[in-house]
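I opened this notebook to record what I looked up in the structure. The entries follow the order in which I went through it.

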Amino acid sequence: MSDRPALASSPFPAMTSGRWGLAGLAVVLAAATPLVITNQYTLGVMITTLILLVLNISWNFVLGVAGVWNFGQLALYALGGYGTGIIMLHSSVPPLLAMLAGGLVAMVAAILLSFPTLRLYGIYTSLLTFAFAEVIQYVILNDGSGLTGGSFGLPIVPGLYSSLSLAASARAYYWTVLAVVLISTTALAAVAHSRLGIALRGIRDAPGYAAARGVNPLRYRIAAFAISGFLAGIAGGLYVSYNQSISPSVMGLTPMSVYVTMLVIGGLGTATGPILGTILVQIVATLLVTHPGAEFTILGLFLLVVVIFVPDGLAGLIGRYWRRIATWAAEGEQTGPEGGETAPAEAAGATEGSPDQHVA
Amino acid sequence: MSATDIVGIAVTTIILGSIYGLVAIGMTLIYGTLRILDMSQGSMVMVGSFIAWGILVVAGWNPTLAIIAAFIATFILGALTQLVSVQPLMRRRNAIDFEMVTFITTFAVAMVLTNVALEIFGPFQRNVTPVVTGSISVYHGVDLPYQELTMALVSIMLMAGLGVFLARTRWGMAIRAVAQDLDAARLMGVPVGKLYPLTMGLASALAGVAGVFLGGLYFAYPQAGDLPLLEALIVVIFGGLGSLPGTVYAAYAIGLIQATAEVIVGTTWSLPILYGVILLVLIVRPYGLLGKPSEARL
C-alpha cells in the first residue's frame, strides 16, 4: 500500500468499468428484491441486516481504516436511536429531521469520546471506549425521569412511514435503508482514498512517521470519530424507526461480539468486507436461530479459523483468488511474467486494507 | 458512615480484592510473557464453576478434590487454548497488530467454550454447594461466611505461591526471562515453545480455582465468566498491563472502590461508578497505575 501514489486522480481507484458494472448489477438486484420476496419475515430479516450493515460500515471506518479500537460504537448507535426515538415521541418534527438530529447526537458524543482516546493506544483504547459504552447503558437503564423507559425501552415510536400499510412500509424501509447503505459505502470508500483517509491510515500504520510528516493525529482522529459516530447514530435512528422501539439490549458484550465477528470475517478496513461479513454471519444466525449455543459456537470457530488462516478476511481472500484468475487469463493471452502485478487484477478489497490491520 | 459500615467495607474489600486478584494475576502473567490479553480467562472461571458443580453436587465428593480437579482441567484447557489460538500466530509476534489479533482469537475461544457449555448444560443457573459452610461474626452486624474467608485465603496463598514460583523455581525464572527479553532467553536455552502453553495453563488454572469459589457464591451457568472477565480486565488495565505488583494493588483498590460504592449508593451503581473511575484514571494515567509506556514487564 505504501507504494501507491499519495492521491489517486479518481476517488475510486480500484474500480474498473467491469467492476462498476458488477456493482451496478448487485444494486439493481438488491433494489428489486422486495418486489419478488413478499414473505414479511424474510423481508424483516433483510431490513434488519441492512440496518446492521449501516452500523458495521460506520464501525469499520473507525476500527479498520482509522485503526482506533473503539468498542463504544454500540453506545453511539444506541444514543442515535434514543435521540431519534425521543424526538419522534415528544415532538412533531418531521421524522427525517428527527433521524438527522439523532445522528448529530451520536456525532457529538463520538467527538467527546475521541478526546480521551487520543492519549491511549491499542488495548487501553478498547477498554476505555467499552467502559464508556457500559456507563451509557447503565445511565439509560437506570434513568429515573422516565425519558428512556429503563430496561423496557422506548414505547411505540411512530417511525418514518407510520401512515403506510404494513407491507408497503416494510418495502419503504427496505429501500430507505438500502439507499443509506449505498450512500455510506460510496461516501466512505471515497473518503478512504481522500487526503483524510490516507492520513488516517498513515497514523494507523506508522504513528510516529505520520506525525513527523506533519499529519496532525488530533484533527484526523476527531474527524474519523465524528464521521463514524454520525453514521452509527443514523443506523440507530433507522433501527428505532423500523422496530418502533429501542431498548438497552441493543448494546452489550453479546451483540458486540457478533458485530466484531462480522467485520473480522468480512475483512476489517476494506469497503466490501463489512457487506460480505454481515450478510454471511446474518445467514448463519438466521438458520440457527433456534440453537443459540450452536450458532455462537460456529461463529466462534469461524472467527478463529479466519483470523489464523485468512487474516485479511473474506474480502482479501476473494481479492486474491480474483487476481489469480486474472493472472491465469492474462497468461493465456500472452505469457506474461508476473500477472499478479497488473492493475485490473487488483481487487477492490485488497487495495484498500492491508492484510495486517494495525493497532493505533 | 457507622463503624459497622467501615468494618463491612474492609471485609468486602479483602474478599473482592483477593478474588479479583486471582483472576487478574493470570491475565497479567500471560500479558507479561506472551504480549496478549487473554479473553478466554473468563471461560476458565465458568469451567471451574461447572467442575465444582459436577464434583460437589452431582457426585457429592470432597471440596478439596473439586479444587484440584478444576486446577488440572483448566490447566490443560488453558494450554490447549494457547496451542490452538495463539501458537499459530506466534510468527507474527512482532507485527504491530499482534495484540489485537490474539485478543480476537482468544475471544473466539471464549465464545466457543461459553456456547458449548450452553449447548451441553442449557442456560440454567445451577446452585453449587459452598466449599465450606457457616460464618463468623466479625463485628456487630458484619458476618463473614467461611466460604468467602476460605476464598480470600486460598487466593492469597495462590498469589503468594505464584510469586515464589516465579522468583525461585527454574520454570518460574524461565517465564520471567522470556518476559524480559525473548531473544536473550532463547539464546540461553530456555524452551520457549514449551513455556508458552505452560504459562497460559498456569494462569487458566488460577482462574479455574477462582471459579470453584465463585460458583459457590453465585451460580454455575454458561455466562458465569463474563463478569469476572470484565472485572479482571479493569483490574489489569488499572494496574498497568504486565505489572504483577500493579495488578495486586489494583485488585484491592478496585475492591475498595466497589465495596464503598455498594455501601454508599447501592449495588446497581457500583459497576458504573467503577467504570467512571477507570475512565478518569486512564485519562490521567494512560498506562495504568504501575504500567510503563509501551513496555510493561513482569
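**Entry 1: a helix of chain B**

I began with helix H10 (residues 244-265) of chain B, which has 22 residues and reaches 31 Å from its first C-alpha to its last. That is close to the 32 Å expected at 1.5 Å a residue, the expected span being 1.5 Å times one less than the number of residues. Here helices (H or I, at least four residues) and strands (E, at least two) are DSSP runs, numbered from the N terminus.

I noted the conventions next. The model is predicted: local features need pLDDT of at least 70, side-chain atom pairs count only at pLDDT 80 or more, and totals for chains, interfaces and linings use all residues. Residues are numbered from 1 along each chain as its sequence is written, while chains are lettered from A and ligands numbered from 1 in the order in which they are written.

I then listed the buried residues of H10(B), among them Leu244(B), Val248(B), Ile254(B), Ile257(B) and Gln258(B). A residue is buried if 20 or more other C-beta atoms lie within 10 Å of its own, exposed if 12 or fewer, and partly exposed in between, with C-beta atoms placed from the backbone. The buried residues of H10(B) pack against H1, helix H5 (146-168), H9 and H11 of chain B. After H10(B) comes Gly266(B), whose phi is positive, near 95 degrees.

**Entry 2: a hairpin in chain B**

I looked up strand S1 (residues 135-139) and strand S2 (residues 142-145) of chain B, which pair in the antiparallel sense over four bridges. Two strands pair if DSSP finds at least two bridges between them. Tyr139(B) has Val142(B) in S2(B) as its bridge partner, and Ile136(B) has Leu144(B). S1(B) and S2(B) form a hairpin with two residues between them. In the turn, Gly141(B) has a positive phi of about 80 degrees.

**Entry 3: where the chains touch**

How many residues of chain B are in contact with chain A? I found 35 residues of chain B in contact with 34 residues of chain A, two residues being in contact if their C-beta atoms, placed from the backbone, lie within 7 Å. On the side of chain B, two or more residues come from each of helix H4 (98-121), helix H9 (226-239) and helix H11 (270-284). H4(B) gives the largest share, 15 residues. By class, this side of chain B has 26 nonpolar, five polar and four charged residues. Ala, Val, Leu, Ile, Met, Phe, Trp, Tyr, Cys and Pro count as nonpolar, Asp, Glu, Lys and Arg as charged, and the others, Gly among them, as polar.

**Entry 4: chain A and its domains**

Chain A has 14 helices and zero strands. Of its 360 residues, 49% count as buried. Among contacts in chain A between residues at least 6 apart in sequence, 78% join residues at least 24 apart.

Chain A is divided into domain 1 (41-251) and domain 2 (253-360), with bounds from an automatic or database domain assignment. The C-alpha centres of the two domains lie 23 Å apart. Their contact takes 28 residues from domain 1 and 21 residues from domain 2 of chain A. On the side of domain 1, H2(A) gives the largest share, 12 residues. By class, that side of domain 1 has 18 nonpolar, eight polar and two charged residues.

**Entry 5: a glycine in chain A**

Gly266(A) lies in helix H10 (residues 253-266) of chain A. Why does Gly266(A) count as buried? Gly266(A) counts as buried because it has 27 C-beta neighbours inside 10 Å. Beyond four places in sequence, its contacts include Gly273(A), Ile275(A), Gly313(A) and Leu314(A).
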